[in-house]
Amino acid sequence: MYLGIISLYGSKGLWGVHMHGSLKEVKDVKVDPKMSILELIELYDNIHGFMASHIANAINILVEGLKCDTRFLSFTGNLVATGVRGIFAQLIENKLFNIVITTCGTIDHDIAKAFGGKYLKGFFKADDVMLREKGYHRLGNVFIPVSDYGPLIEKKVYQILDELTKIKEEWGIRELLWEFGRRINDEYSILSAAYRAKVPIYVPGIVDGAFGTALFTYAQTHRFKVNLFKDTSELAKIISKSKKSMALIIGGGISKHHTIWWNKLKKGLDYVVYITTAVEYSNVLNDAKVKHEMIYCDATIILPIIASALLAYGRKS
């Protein structure tokens, strides 16, 4: 695999390479159904046009960034309702990333699926009123039985908290998530993978979901407290000791912002790849990084490619 791609959008800006003799030629390609994932990435590099070059460059940045002592995986919870949940677990289990920052939805969907919740293949053009009458939530083109979401999550959270509050009264969120992961037997579970790999998961917006709501309601009738600053203190210590940091950021919102915000303690990320379907005009993008690439693509399409390439490179090296 060719690992020496240099983006024209580097520190010198769009016109950093301007001499014809310095530019590499776009190559016509043919596909081989038996090609490896690393050969596919090289093929994207040769194609170059549109997003192909961004994908190839992103892989090279992430591969180089794997040498960093601090490696962030940041993503939004809606993705965990899809089948890429198992890919996130795989990346964590293989320790390609050693810090996860995500939203409460991730915890909701992971717990629901781990304890038997059914997520069904639906369609976007659904009648939401009809779905509600039939007892389904809809997340895009994924249908979730109401009974397999909120009620199931609350039941399992209460059961596990009954065990944990016998140990102590006050908990950090990261601590709680490891304890939940310890009690999950599901090879596709993000929480289980994080517990086994001892990768911390930080959820800055923990009350924005069924899991956080269950923590709140449980605390109304039990001796149970959540210490949010405990997580903040842990993350601040990790960042302050970090020599170099990289991040794969998927989607925007609080998980993206939290990843960027805390890395300001060390003057920013050193390597970052951002996957988004947003546009610059929406004011949610940030381009002030050292080695960076932005891929405009549906994460459910591009994440399997990126994950396969990183895992393949890891085996090769």
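Strands β4 (residues 136–139) and β5 (residues 142–145) pair in the antiparallel sense over four bridges; two strands count as paired if DSSP finds at least two bridges between them. Strands here are DSSP runs of E with at least two residues, helices are runs of H or I with at least four, and both are numbered from the N terminus. This is a predicted model, where local features need pLDDT of at least 70, side-chain atom pairs count only at pLDDT 80 or more, and totals for chains, interfaces and linings use all residues. Residues are numbered from 1 along each chain as its sequence is written, and side-chain values use heavy atoms, leaving out hydrogens and water.

Let's stay with β5 for a moment. Which way do the residues of β5 point? Val-142 and Ile-144 point one way, Phe-143 and Pro-145 the other way, and all are buried (under 20% relative accessible area with a 1.4 Å probe, protein chains only).

Now look for another sheet. Six strands form an open sheet with parallel pairing, in the order β7-β2-β1-β9-β10-β11. β7 (201–202) and β11 (291–296) each have a single partner strand, so one side of each is left without a neighbour in the sheet. Within the sheet, β1 (residues 70–75) pairs with β2 (residues 99–101) over three bridges, and Ser-74 stands opposite Ile-101. Helix α3 (residues 85–93) packs on this sheet, touching β1, β2 and β9 (245–250).

Finally, turn to the helices. Two packed helices are described by the angle between their axes and the distance between the axes. Here axes are lines fitted to C-alpha atoms over the stretch in contact, and angles run from 0 to 180 degrees between N-to-C directions. Helix α6 (residues 150–164) packs with α9 (residues 210–219) at about 50°, their axes 9 Å apart. They are therefore oblique to each other, the class left over once angles under 35 degrees count as roughly parallel, over 145 as roughly antiparallel and 65 to 115 as roughly perpendicular. α6 also packs with α7 (residues 173–182), at about 105° with axes 11 Å apart, and this pair is therefore roughly perpendicular.

Note on methods. Buried means under 20% relative accessible area, exposed over 50%, partly exposed in between (1.4 Å probe, protein chains only). Contact means heavy atoms within 4.5 Å.
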